[in-house]
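Please look over the structure shown here. A short report on its parts follows.

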Amino acid sequence: MVFTSFNFLIFFPAVIVIYYILPKNFRWVFLLVASYFFYINISPVYTLLLAGVTTVTYLFTRWIEKTETEKKKKLIFLLGIILTLFPLFFFKYFDFLNQSIFALLSVFGLRWPLPKLGLLLPVGISFYTFMALGYLIDVYNENIEAEKNPGIVALFLSFFPIVLSGPIERAGNMFSQFKAKTIFNYKKAVKGLQLILWGYFMKLVIADRLAIYLSAIFSNSEHHSGTSLLFATLLYPIQVYGDLGGYSLIAIGCANVMGIDIIPNFKRPFFSTSMSEFWRRWHLSLITWLIDYVYTPISFSLRKFKVWGIVIALMLTFFISGVWHGAALTFIIWGLIQGAVLSIDALLRGKRVNIENRYALKNKWWYTLFCCMITYVIFAFSLIFGGAVDSVSKTLEIIGKIFTDSQSLFIDDSTLVYSFTGIILLFLSDFRDEFFPDKFKLFENENILIRWGAYLSISILIILIGVFNGGQFIYFQF
Amino acid sequence: MKGIKDLYKKLFFFIFFLGVLDFGIGSILEHFYFTERSLLNESNKLDYSLNQTSEDILIFGSSTAYHGYVPKIFEDSLNMSCYNMGQNLMNIFYHYAVLNSVLQRYTPKIILLDLTAWDFVKTGNDFDILSDLYPFYFSNKSVREVVDIPGWSEKFKILSKTYRYNGKLLFIMKHNIIPSNDFQKGYLPLRTELKEDITTFASDGFVYDSLKFSYLDKFIGKAIAAGCKVVVVAAPSYGIYTKNQFSELENFLDEINIEFLNFRNDTTFTNHSEYFYDITHVNSTGAELLTLKVAERLKSQL
């Protein structure tokens, strides 16, 4: 069962009705049962893995808290980290490392192959593993207390809106909400439903519609011109935004309807004027996780190297981000590109600010537009490595073709017309939120006719041009 | 403070208004989908194929059939009426629904089935493409049979009148404004020539999908049981295939004594880019040559 399945449209309302009928004390228990039911419907066998990671996390956080000597505490913490990471490593990285080491040793004439496992990646494993790790680290650093109720920990790691693709939540934010005896909040529930509606629009009308055009090009790149490949490259970030952004909104919206707040994942990323700003707006839950648990400790330990310490910390952080996204060289390169671009951004920041101040560029619309476009293009090109295609050679072939082959553009008129209808509406909405947050309101308009007109128009657009039975969410593969 | 009952009440009204709007918009789309102007061209093809055909020869298949066989050539050389039922992107489930519908009305003399990989290899959108049949879901039992294959949820989705025309808005607008003039008894010629070097494909044989294969079996079985002559064709493609990808299909057709005309690596076509529109479709010149070759073969057997 995924958000775009018909089953979810039955499951979610049923959960809400029962959730609010039940006494407040039992609501978290019901959510736990519903969450495991949701996950079992997707991946019955791998539910055991989720339960295993939950058990390890619960036992080790309790053990860490009870331990008094610092050395022993550290040992338990490291053991907890290893055990929590083991399933992720085993399912996601074993084959990649196995093949990489084999290829490396083969260069020296050493050929000791281990069999390829070819296991399917348990859906959501990268997300709930990071949530479990964050919780372990927070308890070890004494930022939060270890939760005594194993059911609450289990609910935190399996909470159905976020278990498959995030946002990657923090124990500190969620435990208190699960335990709180919340009363029904009408405004929050309505806001949640609005987010769900817009999330479905982003996923079904934009991401899945674009996916038809983009997969036709990227999966047959050898038969497409450089012009088509360039066009597809420039559209791909919008597909990913529609896909993960849409998923995140549905997840946040579902939680809101139950009175639970989830951290946002996107903040109008395509209005970023630099890559450092972009990464403060794109996949926020992952980036803040990496900043808190990877970048900050590394940059702190390297502070004596000043700006170069920051550069090393950035490179390492985004290397890990690349590895997290996928066990493939393409993702590692993608991560390193982000690290390199952000490092250049950090090194040149002072000069850029001086120039901007001297010519008062920040107030000029054309300068903002230019910076947004440059940032977008840099990210779009880096994404050719970050999931558009699955091999480095293919990526390089595409980049080569973009600069050498300017034949005609592949047109799929209906797909492009429908996609651009969605894209235009998305950009108008983001533009309004960015520059005129209190004007031209639709979903939040006080006039009931405009508000309901907007709800119904978006719903009809989804039914009319959305792609049903389309692909899975892109981030399920991570 | 507003409570949950207020929310339920508003959700009820929302669903009610959405239902009304859905019915209204769906009805407008239905009207323009079935208008006379629209019926002059492509959107009529499906209606005609399902409900009106009476020709002796019917050509089934996806885009390779649609753009690959010229009915007039069959009519001239075999002295029988002919209609090209080929429809872009369609697969064996679609062909089966249309055949079933035809056989409930009459028995054609010859069924020509043009097969591509999509007819027996599993793809991610095997059932999505059947959305072309949605406008006929409630009026045609054969359509319902294949649309319902993926599961019960489709039955509910299709209750939405607008959903039946999902993704067809542009198609409806286009065909109501600019009817196609090039449409010849179901055949649509592709006029340009391919300018590309030939590619060698070293891919392995197909992995057959058992469900699709069972529908291929049912398609042929139904046609034979009704008394039709069935001929299966694989259209030429502009590429060299190092392995015969149709070997399993050939064995199957051989067993049930059905003729298989495999033009995939036919040297009359391969290496001749002037016969192709792209690597998988012949252009109008190629279509005429292909139809002549098939017609000759059929003539020798009649």
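Strand 1 (residues 57-60) of chain B pairs with strand 2 of chain B in the parallel sense, over three bridges. B:Leu58 has B:Tyr83 of strand 2 of chain B as its bridge partner. Strands pair if DSSP finds at least two bridges between them. Strands (E, at least two residues) and helices (H or I, at least four) are DSSP runs, numbered from the N terminus.

This is a predicted model, in which local features need pLDDT of at least 70, side-chain atom pairs count only at pLDDT 80 or more, and totals for chains, interfaces and linings use all residues. Residues are numbered from 1 along each chain as its sequence is written, while chains are lettered from A and ligands numbered from 1 in the order in which they are written.

The two strands belong to an open sheet of five strands in chain B, with order 2-1-3-5-7 and parallel pairing. Its edge strands are strand 2 (82-84) and strand 7 (259-262) of chain B, each pairing on one side only. From one strand to the next, the twist averages 20 degrees.

Chain B holds twelve helices and seven strands. Further values for chain B:

| Property of chain B | Value |
|---|---|
| Span of the C-alpha trace along its principal axes | about 80 × 45 × 40 Å |
| Buried residues (20 or more other C-beta atoms within 10 Å of the residue's own, C-beta atoms placed from the backbone) | 39% of the 302 residues |
| Contacts with a separation of 6 or more that join residues 24 or more positions apart | 82% |

Two residues are in contact if their C-beta atoms, placed from the backbone, lie within 7 Å.

Now the interface. In chain A, 18 residues are in contact with 26 residues of chain B. Helix 1 (6-21), helix 8 (186-218), helix 17 (413-435) and helix 18 (448-465) of chain A each give two or more residues to the side that touches chain B. Helix 18 of chain A gives the most, with seven residues. The residues on this side of chain A divide into 13 nonpolar, four polar and one charged. Ala, Val, Leu, Ile, Met, Phe, Trp, Tyr, Cys and Pro count as nonpolar, Asp, Glu, Lys and Arg as charged, and the others, Gly among them, as polar.

How values were computed
A residue is buried if 20 or more other C-beta atoms lie within 10 Å of its own, exposed if 12 or fewer, and partly exposed in between; C-beta atoms are placed from the backbone. Axes are lines fitted to C-alpha atoms, for helices over the stretch in contact, and angles run from 0 to 180 degrees between N-to-C directions.
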